[in-house]
Amino acid sequence: MSRRDCVWWGWGEPGAGPSLPDHAAGFLRAQLGVSGEVVSRAVALEEVRLREPSLPGALREQLAALAEVRDDAEARVVHCRGKSYLDLLRQRAGDCEDAPDAVVAPGTPEAVQAVLNACNEAGVAVVPFGGGTSVVGGLEPLRGTWSALVSLDLGRLDGVEAFDERSQLAWLRAGTRLPEADHALAAHGVMLGHTPQSYEWATVGGCVATRSAGQSSTGHGRIEENVVALRCATPAGPLENLAVPGTAAGPALKQLVIGSEGVLGAITSVGLRVHPLPEARRYEGFAFRDFEAGCEALRGLAQADSAPDIARLSDEAETRLSFALAGPGAKARAMGAVLRGRCVLVCGWEGTETAVAVRRKLAVRALRAAGGWPLGQAPGEAWAATRYAGPHLRDDLLDRGVMVETLETATTWSNLADLRAAVTRALEGCLAAPMVLCHASHVYPTGASLYFTAFAAQDYGDPAGQWTRAKTAAMDAIVATGGTITHHHAVGADHAPWLRAETGPLGHDVLRVLKDRCDPAGIMNPGKLLAG
Ligand SMILES: Cc1cc2nc3c(=O)[nH]c(=O)nc-3n(C[C@H](O)[C@H](O)[C@H](O)COP(=O)(O)OP(=O)(O)OC[C@H]3O[C@@H](n4cnc5c(N)ncnc54)[C@H](O)[C@@H]3O)c2cc1C
């Protein structure tokens, strides 16, 4: 556990990362009615409420022979939960009563298996912990029927295990953080091509366990499209599949483990198809008269197989907010004023110089024909420079009494407008004077994902209830309108009540049978994924 940890009450490392610009205070005052001043901060570590750890002494000794074991307050608080708005409210208030009894960090795949065997025998719940960036309650220390719970920190399982240059296949240890994976792969001239907004902290194993999609997944594919093979330790023994490019040998076993969110076992290594480091990257912006026109343009690109690698279409409200909050620089804000009421699409291409030039030319021609107005590289470069800033700014917003949270879904092109309207209505109906923003990204020939951000003045009397009511209404609206309950954030504890609506009763039972076979006692990540 020697690697650096993210702060337990927010994002990043203390003092690192961008902050809200000074002029944001006025904007927040005008839009949300908050003062814009700092009104609350996280309690000090010494004030965090924690129960005494209750791991049986004999088990602690057994685990200590297999792995690093910590039960000090800091380790338990860091591993207490993830990074959703609700998680941060509780962490900042020092509410960590249920924190894991210990944090166990094995250094080899064999030690992971031995730790699971020991916990299984002792009847202790296990929550696999990758980068700790879950936003769906995936790390919540829910003990279920067990009296003790350990956080299985996979951070010591890191680095590149093997690289097959000829096959462009890299085996990575599950706990490798994405920037570190890319750093190591760069020495071989390749990259993951997987950049979720949580890139700075998320791990390879965590991304696979949550069926993650990154900002360039339109071009480089979602994580599951790049997983060639994986190895997973389960209480019933190791589960793995052959590293082959394709197979007709029955249902794809690896796809059952991808997205299993730690309820079957702990993924220890992943064989990933990697991508050549791009010679060229080009990011640029286009304006559309409205969101619908932008969506039509994206649909045309996706269906003609000419979508850029990155495509993010902000709706009118998100476009306005991003220019209003754009860093120092009157130029960006002036462009925002010119664009008032329009929508900005950011496109990005990555690859060889020739491929970028050829693909871009085709796409630009189609975008112009669809009514797109080229804005040049400035909006694209601004997006690229701030692509990981959101969660840093969220800490500042929480300090200023702002409720801010996101949710995401996906549907077909035919249903996209209805789904957007239903979710927006649900959020606006539950929150007093909110700002609800939306963007479409991750475009497919058959549809796209929709990503919503909601802002409101925090209800100091019941901040958790304020968001829980809004989120519940939004989830009900998603299910009623035929969207998926999650396009990339996963299910965790938060979305589990809606999973059955997506899988149907038999589908849910099939997943339950799989869980019962791999984890007969039910120690793995209780209350997640299949809780509903
Ligand atoms: C600000 C922010 C932005 C985000 N943006 C994106 C985005 O763009 N795209 C996206 O897909 N997601 C996004 N997420 C969600 C989150 O980052 C992803 O779900 C990510 O894949 C989680 O990786 P992690 O290593 O942090 O896993 P963790 O958060 O540690 O764990 C996630 C879940 O997987 C389980 N798990 C972790 N590691 C393993 C393992 N090795 N074996 C078995 N189970 C395991 C955990 O028990 C937990 O249930 C975002 C989150 C935040 C906070």
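Residues are numbered from 1 along each chain as its sequence is written. In this predicted model, local features need pLDDT of at least 70 and side-chain atom pairs count only at pLDDT 80 or more, while totals for chains, interfaces and linings use all residues; side-chain values use heavy atoms, without hydrogens and water.

**Helix packing**

Helix 17 (residues 416-430) and helix 18 (residues 463-481) pack at an angle of about 155 degrees, and their axes are 8 Å apart. Helices here are DSSP runs (H or I, at least four residues), numbered from the N terminus. The two helices, helix 17 and helix 18, are therefore roughly antiparallel (an angle over 145 degrees). Residues in the contact (heavy atoms within 4.5 Å) include Leu-419 and Ala-422 of helix 17 and Trp-467 and Ala-470 of helix 18.

**Salt bridges**

A salt bridge is a side-chain nitrogen of Lys or Arg within 4 Å of a carboxyl oxygen of Asp or Glu. By this rule, the model has 30 salt bridges. Three of them are listed below.

| Pair | N to O distance |
|---|---|
| Arg-41 and Asp-399 | 2.7 Å |
| Glu-140 and Arg-90 | 3.1 Å |
| Asp-309 and Arg-359 | 2.9 Å |

Relative accessible area is classed as buried (under 20%), exposed (over 50%) or partly exposed (in between), with a 1.4 Å probe and protein chains only. Arg-41 is exposed at 59%, whereas Asp-399 is buried at 8%. Asp-309 is buried at 3%, and Arg-359 is partly exposed at 27%. Arg-90 and Glu-140 also belong to a network of salt bridges with Arg-81 and Asp-95.

Key
Axes fitted to C-alpha atoms, helices over the stretch in contact; angles between N-to-C directions. Parallel < 35°, antiparallel > 145°, perpendicular 65-115°, else oblique.
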